[in-house]
Amino acid sequence: MKLNERSVAHYATCNSPPDKTGFLFKKGERNTAYHRRWFILKGNMLFYLEEKESREPVGVIVLEGCTVELCESESEEFAFAIKFDCVKAKVYKMAAENQAAMESWVKALSRASFDYMRLVVKELERQLEEVQEEARSSQAKSMLKKHQLQLQGATFSLQNATITGPSQEGVSSRENGVSWSKPPSVPNGVSNTQGDCSERGDGVRPPPVPPRRKTNGGSLESPVSPGTGCFSKLHDWYGKEVAELRIEWLQSQIHW
């Protein structure tokens, strides 16, 4: 893998925020002693400089396809190694100043590769899908519950609704489309001297109610006066009948 030295040097010391910085002891290749170096971790690239104030890095390690392992040697305290899977790959050994620093660097370096970031992104996408599915399910349940409450309210209102008609008190009865007023009630103290015929307080009987006429098969034609199918004929027929009854009533009042 070829890298542009100027671009790499600029990226190492530019103002972009690093993921982790600190001092580590790096084991040399020829001189196997550990040398104190300033390390800068940016993305999957680990830069090391001779001093913290240095302007250019001494080297860079690309953290792809590697594993970070702790060194089991008792002589190398707080040491760990960066190993690559390819054959004859260089092994980088480093040591921290204490246990906490070592654990922090091992964790940061293990998570620096793009392979790890890819796994993290997939896991986050899976969690996001689960949250969205739960949100859709919760919203659907909320809407269903809302509709159920509305339906229950409508059913309750329908069950408690009462259908009331107009009051029959004081309303005149109708017979074949013609209104007949009910006779006034008999005042207290006035006796009914002629059976079902009530008298008013002045001794004068009210006019009799015309007899009800039953229709044949729902037709408006009168059995007494055929040919009264239409309303005008029916009206004339009842008018004549009322006139005759009125004459009879007046005559009875004269003889009375």
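# A guided tour of the predicted model

Begin by selecting residues 114-141, where UniProt, in an unreviewed entry, places the feature "coiled-coil region"; UniProt positions are given in the numbering used here, feature names are shortened, and annotations may be inferred rather than shown by experiment. Over this stretch the chain is 100% helix and 0% strand, with end C-alpha atoms 40 Å apart.

The model is predicted: local features need pLDDT of at least 70, side-chain atom pairs count only at pLDDT 80 or more, and totals for chains, interfaces and linings use all residues. Residues are numbered from 1 along each chain as its sequence is written, and side-chain values use heavy atoms, with hydrogens and water left out.

**The whole chain**

Next, display the protein chain as a cartoon. Its secondary structure comes to four helices and nine strands, in the order α-β-β-β-β-β-β-β-α-α-β-β-α from the N terminus. Helices (H or I, at least four residues) and strands (E, at least two) are DSSP runs, numbered from the N terminus. Of the 256 residues, 20% are buried. Here buried means under 20% relative accessible area, exposed over 50%, and partly exposed in between (1.4 Å probe, protein chains only).

**Helix α1**

Select residues 5-13, helix α1, in which V8, A9 and A12 are buried. Seen down the axis of α1, these buried residues fall within an arc of 100°, so they line one face of the helix; the arc is that of the directions from the helix axis to the C-beta atoms. The face turned away from the buried side carries the exposed residues R6 and H10. Among the elements that cover the buried residues of α1 are β2, β3 and β4 (59-62), where contact means heavy atoms within 4.5 Å.

Move to F78, in the loop between β5 and β6. F78 is partly exposed, with a relative accessible area of 22%. Its phi is near 55°, a positive value in a residue other than glycine. Most residues other than glycine have a negative phi.

A96 lies in the loop between β7 (92-95) and α2 and is buried, with a relative accessible area of 5%. Draw a distance from A96 to L24: the two are 72 residues apart in sequence and 5.2 Å apart in space, C-alpha to C-alpha.

**Helix α2**

Now select residues 99-110. At 1.5 Å a residue, the twelve residues of helix α2 should span 16 Å, and its end C-alpha atoms are 17 Å apart, which agrees; the expected span is 1.5 Å times one less than the number of residues. At the start of α2, a side-chain oxygen of N98 reaches to within 3.3 Å of the backbone nitrogen of A100.

Show the side chains of M102, W105, V106 and L109, the buried residues of α2. Seen down the helix axis, they fall within an arc of 100°, so they line one face of α2. Their cover includes β1 (20-27), β2 (34-42), β3 (45-49), β5 (66-70) and β6 (79-84).

**S113**

Finish at S113, in the loop between α2 and α3 (114-160). Is S113 buried or exposed? S113 is buried, with a relative accessible area of 11%. Not counting residues up to four places away in sequence, S113 touches N44, L63 and E64.

Terms used. A polar contact is a pair of N or O atoms within 3.5 Å; within protein, one must be able to donate a hydrogen and the other to accept it, and residues adjacent in sequence count only if both atoms are side-chain atoms.
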